[in-house]
Amino acid sequence: MAPTVTLAARRRSRRLAADAGLLAVAAAFSLPLAWVLLSSVDPHADLRVKAPDGLTLANFDAILKQDITFTPLLNSLILCGGGTLLTVVCAALAAYPLSRFRSRLNRPFLLTILFATSLPITAVMVPVYALFVQVNLIDTMQGTILFFAASQLPFAIWLMKNFMDGVPKELEEAAWTDGASSLQSLVRIVLPLMGPGVAVVTVFSFVMMWGNFFVPFMLLLTPDQIPASVSINEFFGNRGMVAYGQLAAFSIVYSTPVILLYVLIARRLGGGFALGGAVKG
């Protein structure tokens with residue numbers, strides 16, 4: 001009887017330790033979010049997580065201006081939206097032959113792609129900057145969109161290929177029998193069936209571009225083209241002076257498009273994959 005009691009006590013202690021660890025991790029992630037929410041409505045915000053001295057919307061009133069928020073947000077939407085669209089299209093076209101055709105070069109190519117994802121952005125920024133100067137793409141939105149797409153494309157191809165492997169090839173063969181081309185089967189059969197996979201690639205690419213500070217900071221020089229990820233630096237003044245309340249308010253506004261994108265896609269594709277019934281039909 002004693003060993004049974006001891007075993008139950010050990011399991012209970014382990015469960016309590018695991019719960020305590022999870023609570024500690026949750027607190028570590030919740031504190032920054034709590035600081036942003038509380039400081040955005042605090043007229044005397046600082047680095048401490050504390051109850052506001054008084055509720056105010058003055059921080060939002062200060063940032064909701066054309067040059068501070070709206071123009072940078074529009075630039076971010078253009079850059080990230082264009083880069084995400086280009087990434088998803090190119091990743092789907094590149095992943096299709098890797099998924100459907102067997103070759104001895106497939107594995108080396110995928111390993112090369114995987115290696116490309118590990119390259120630090122600072123390692124390629126200097127030659128890319130020199131190249132963009134030569135081809136007159138520096139300080140242009142289209143040049144930054146191209147670099148955004150190129151930097152996200154390796155991992156997007158890797159993800160897209162893995163999702164595409166889950167789509168039965170028999171469905172395409174039936175379409176080919178009816179006279180469909182490979183491009184038609186990709187657009188009308190494969191991509192609709194791997195909708196959640198396309199959504200994952202879309203959200204991942206958009207989020208990575210949305211939070212990218214270094215690339216637009218280096219490639220864009222005109223203030224009217226600066227995205228929100230760079231303009232947020234304006235809240236850090238000289239000599240260590242920081243407008244914490246306005247910074248927190250801007251952070252909330254800056255995070256809203258990403259949250260809305262995730263919510264919309266999650267609600268639309270909440271059903272997940274439904275390939276089993278398609279194969280049986």
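1. Crossing of α3 and α6. In this predicted model, helices α3 and α6 cross with a right-handed sense. Helix α3 spans residues 66-100 and helix α6 spans residues 141-164. Their axes lie 6 Å apart, and the packing angle is about 40 degrees. That angle makes α3 oblique to α6, because angles under 35 degrees count as roughly parallel and those from 65 to 115 as roughly perpendicular.

2. Residues at that contact. Where α3 meets α6, the contact residues comprise 21 nonpolar, seven polar and two charged.

3. Largest pocket. Its volume is about 420 Å³. The lining has 18 residues. Which of them are closest to the centre? They are Ala 116, Leu 119, Ile 121, Ser 151 and Gln 152.

4. Where that lining comes from. Four helices each supply at least two residues to the lining of the largest pocket: α4 (106-117), α5 (121-134), α6 and α9 (195-210). Helix α6 gives the most, with seven residues. Helix α6 is also the partner of α3 in the packing described above.

5. The largest pocket is lined by 14 nonpolar and four polar residues. No charged residue takes part in this lining.

6. Second largest pocket. This one holds about 250 Å³ of space. Its lining includes Asp 67, Ile 68, Thr 71 and Pro 72. The largest share, four residues, is from α3.

7. How does the lining of the second largest pocket divide by class? It has six nonpolar, three polar and three charged residues. The lining of the largest pocket, by comparison, has no charged residues.

8. Annotated spans. The unreviewed UniProt entry carries the annotation "transmembrane region" for residues 20-38, 73-96, 108-132, 144-160, 198-221 and 241-265. Two of these spans can be set against the model. Residues 20-38 are 100% helix and 0% strand, with the end C-alpha atoms 25 Å apart. Residues 198-221 are 79% helix and 0% strand. For 198-221, the end C-alpha atoms are 33 Å apart.

Technical notes. Residues are numbered from 1 along each chain as its sequence is written. This is a predicted model: local features need pLDDT of at least 70, side-chain atom pairs count only at pLDDT 80 or more; totals for chains, interfaces and linings use all residues. Side-chain values use heavy atoms; hydrogens and water are left out. Axes are lines fitted to C-alpha atoms, for helices over the stretch in contact, and angles run from 0 to 180 degrees between N-to-C directions. Angles under 35 degrees count as roughly parallel, over 145 as roughly antiparallel, 65 to 115 as roughly perpendicular and the rest as oblique. A crossing is left-handed if the near helix is turned anticlockwise from the far one by less than a right angle, and right-handed if clockwise. Ala, Val, Leu, Ile, Met, Phe, Trp, Tyr, Cys and Pro count as nonpolar, Asp, Glu, Lys and Arg as charged, and the others, Gly among them, as polar. On a 1 Å grid over the protein atoms alone, a cavity is a set of points where a 1.4 Å probe fits but cannot get out, and a pocket is an open set with protein on both sides within 12 Å along at least five of seven lines; lining residues have an atom within 4 Å of a point. Grid points are joined across faces, edges and corners, and a volume is the space filled by probe spheres set on the points. UniProt positions are given in the numbering used here, feature names are shortened, and annotations may be inferred rather than shown by experiment.
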